Amino acid sequence: MTYHPKSDFIAVMMERGFLADCTDYQGLDEALIKGVVPGYIGFDATAKSLHVGSLIQIMMLRWLQKTGHKPITLMGGGTTKVGDPSFRADERPLLTEDQINDNISGIQQVFAKYIDYGDGETDALMLNNAEWLDGLNYLEFLRDIGRHFSVNRMLSFESVKSRLDREQSLSFLEFNYMILQAYDFLELNRRYGCLVQFGGSDQWGNIVNGIDLTRRVIDQQIFGLTSPLLTTSDGKKMGKSADGAVWLNAEMRSPYEFWQFWRNTTDADVGRFLKLYTELPVEECDRLGALAGSEINEAKVILANEVTTLCHGADAAEAAEATAREVFEKGGVGADLPTLSLSADDIGDGISVVQLIVKSGLAKSGKEAKRLIAENGAKLDDQPLTEAGRVFTAADLASPIKLSAGKKRHALVQLA
């Protein structure tokens, strides 16, 4: 693409790799130059935290605010009751209202670290679409909003088409999701003057629907801008690790484990991730990403420190780096390692090392733990662990022990 942006925000999006597509580059660029532009991303409350897969969206909103505009974080208190079917093989499990509200409070904690909220012109707004969706009158909604949607066109969107092509059921409840998301954009424009919706490229069809609906109902021009759906250079979906989702809330993924995820970035991804997930100058990101050999490892430490500082604070990043150096360079146990504390009652007459490996999160099942031991991938206090039948008593755990799965994953086990 040869478009040369005039606004700081579009320039940042392009040079740092955030931009997949935009409904009208020039129109949005000109709006950004004229004054403060409110822009939003919607997040359904399907879990108590967002994970690393959502971090690119959060960073887009952060940059929007840093370049002088107004982010809107829209919590899907209403749409979560339906569930976004985009590119899913099956229907999402339905959550109760209490579960949704509990998840929203967890997600809000994440945003507060990245975006400033308040009453100022560029201060962010935290909204919940239940505010306008919960009270909708079904017949009025069908008559006033539903008539603007072509089922033929809705069926042509890739997110729906991929599900139908595989002959997987798509419920009428889920089919309504894109209408509700489009209605969100219309309401945000009416109520808050919101001019742009951001999202991953899988949301393109939903975003375009909202733009069309707003033009038809109130004749307003609004915009959509999408980011690429990220995979790592080895083809893995961003936000997942060997032991599950990389959550952004400290209660669900410790700052040390979060730091370690970024430290383990593949060499080929370092430069790209520095541009997307840190605020280091682009030239410095390129320089660090071009390092080779042992030097690229220091670039990975910088990446881990920068991302962890944004998410968990500078103290957490420093503690994580110190623990990593203690564990990897000096063979120590590291005070900040994930720790499993067991009471004497938990241990009883004894607890097997296989159970300890599973309970500490180093394996998902006993079968996986036994395979880890059989393949010489497990260590106890940095020594090979070969006996899957080994049992520990409370006396054995009077001093903490260190369990390792491979070279990069460790945990302490201690008596509470």
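Rings of Phe, Tyr and Trp (for Trp, the six-membered ring) are taken to pair if their centres lie within 6.5 Å, and the pair is termed stacked when the planes are under 30 degrees apart, edge-to-face when they are over 60 degrees apart, and tilted for the rest. The structure is a predicted model, in which local features need pLDDT of at least 70 and side-chain atom pairs count only at pLDDT 80 or more, whereas totals for chains, interfaces and linings use all residues. Residues are numbered from 1 along each chain as its sequence is written, and side-chain values use heavy atoms, with hydrogens and water left out.

With this criterion, a search of the whole structure finds nine aromatic pairs. A pair of aromatic rings is described by the distance of the centres and the angle of the planes. Tyr40 and Phe185 form an edge-to-face pair, with 5.5 Å from centre to centre and 65° between the planes. Since helices (H or I, at least four residues) and strands (E, at least two) are taken as DSSP runs numbered from the N terminus, Tyr40 is assigned to strand β2 (residues 38–43) and Phe185 to helix α10 (residues 177–192), so the pair ties together parts that are 145 residues apart in sequence.

Elsewhere, ring pairs link Phe258, Phe261, Trp262, Phe273 and Tyr277 into a cluster.

Tyr183 is also one of the residues around Trp132, which is found in helix α5 (residues 130–133). Trp132 is buried, its relative accessible area being 5%. With contact meaning heavy atoms within 4.5 Å, and leaving aside neighbours within four places in sequence, Trp132 touches Leu74, Tyr183, Asp184, Glu187, Leu188 and Arg191. Trp132 and Arg143, by comparison, are 11 residues apart in sequence and 17 Å apart in space, C-alpha to C-alpha.

Helix packing was described by axes, which are lines fitted to C-alpha atoms, for helices over the stretch in contact, with angles running from 0 to 180 degrees between N-to-C directions. Angles under 35 degrees count as roughly parallel, over 145 as roughly antiparallel, 65 to 115 as roughly perpendicular and the rest as oblique. Helix α13 (residues 270–277) packs with helix α15 (residues 295–312) at an angle of about 20°, the axes being 10 Å apart, and α13 and α15 are therefore roughly parallel to each other. The crossing of α13 and α15 is left-handed, a term applied if the near helix is turned anticlockwise from the far one by less than a right angle, with right-handed applied if clockwise. Val270, Phe273, Leu274 and Tyr277 of α13 meet Ile296, Ala299, Lys300, Leu303, Val307 and Leu310 of α15. The contact of α13 with α15 comprises nine nonpolar, no polar and one charged residues, where Ala, Val, Leu, Ile, Met, Phe, Trp, Tyr, Cys and Pro count as nonpolar, Asp, Glu, Lys and Arg as charged, and the others, Gly among them, as polar.

The axes of α13 and helix α14 (residues 282–289) come within 7 Å and cross at roughly 155°, which makes α13 roughly antiparallel to α14. In this case the crossing is right-handed. On the α13 side, Val270, Gly271, Leu274 and Lys275 meet Val282, Cys285, Asp286, Leu288 and Gly289 in α14, and the residues of this contact divide into five nonpolar, two polar and two charged.

Backbone geometry was also examined. Most residues other than glycine have a negative phi, and most peptide bonds are trans. Asp219, although not a glycine, has a positive phi of about 55°; Asp219 is found in the loop between α11 (204–218) and β6 (223–227) and counts as exposed at 65% relative accessibility. Asn376, also not a glycine, has a positive phi of about 60°, lies in the loop between α19 (366–374) and β11 (378–380), and counts as exposed at 61% relative accessibility.

Terms used:
Buried means under 20% relative accessible area, exposed over 50%, partly exposed in between (1.4 Å probe, protein chains only).
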